[in-house]
Amino acid sequence: MMDKRTSTENIKTFVHEHLKEDLRVYEKQLNEINAEIVEYVQLKHMIETILLNQANGEGFKTQVNIGGNMFMKARADNASRLLVDIGLKVYVEFTNDEALRFVEMKIKVLTKQADVIRDKSIETKTNIKLALLAIGEGQRLHNVEEQR
């Protein structure tokens, strides 16, 4: 009788200390990757806008953050080359087409990473549900034995 309670407590401890912590880590990683995907999607739209404006022979108007969330109007007559942050605060100069290809590739890579983490999260949620079902089933069996 003591072994059943001990195993139930072990399962509960495992769920709370390991599985729920793993789930929290996966969700944090997923949120970070999704935020990064959003940034690259915004960059992709900006590059497409620049390409469209260049095709029309127009310059590019924008607002630039000069610090402290203070913005200043800016205009670029020639935006044929862009500096793109490729990670770890390293910037590479690309042509617009190269930048667009890089951003599309980066979005695909990040999406695949998010899919892997999402699968791990689903697996962990499933393990938590199975553990809780095992606890419930064990308690139900224990109650049936006590009633006899």
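**Overall architecture**

How many helices and strands are there in the chain? The chain holds two helices and four strands, where helices (H or I, at least four residues) and strands (E, at least two) are DSSP runs numbered from the N terminus. Read from the N terminus, the order of the elements is α-β-β-β-β-α. The radius of gyration of the chain is 26 Å, well over the 15 Å that the globule rule gives for 148 residues, so the chain is more spread out than a compact globule. This radius is taken over C-alpha atoms, and the globule rule is 2.2 Å times the number of residues to the power 0.38. The C-alpha trace spans about 90 × 30 × 25 Å along its principal axes.

**Basis of the model**

This is a predicted model, in which local features need pLDDT of at least 70 and side-chain atom pairs count only at pLDDT 80 or more, while totals for chains, interfaces and linings use all residues. Residues are numbered from 1 along each chain as its sequence is written, and side-chain values use heavy atoms, with hydrogens and water left out.

**Burial and contacts**

Of the 148 residues, 22% count as buried; buried means under 20% relative accessible area, exposed over 50%, and partly exposed in between (1.4 Å probe, protein chains only). Contact means heavy atoms within 4.5 Å. Among contacts between residues at least 6 apart in sequence, 56% join residues at least 24 apart.

Strand β3 (residues 81-87) and strand β4 (residues 90-95) run antiparallel and are joined by six bridges; two strands pair if DSSP finds at least two bridges between them. Asp85 has Tyr91 of β4 as its bridge partner. Two residues stand between the strands of this hairpin, and Leu88 takes a positive phi near 55 degrees.

Ile86 also lies in strand β3. With a relative accessible area of 31%, Ile86 is partly exposed. Not counting residues up to four places away in sequence, Ile86 touches Tyr40, Val92, Phe94, Phe102 and Lys106. Ile86 and Thr62 are 24 residues apart in sequence, and their C-alpha atoms are 22 Å apart in space.

**Thr124 in helix α2**

Helix α2 (residues 96-147) contains Thr124. Is this residue buried or exposed? Thr124 counts as buried, at 7% relative accessibility. Leaving aside neighbours within four places in sequence, Thr124 is in contact with Leu19, Asp22, Leu23 and Tyr26.
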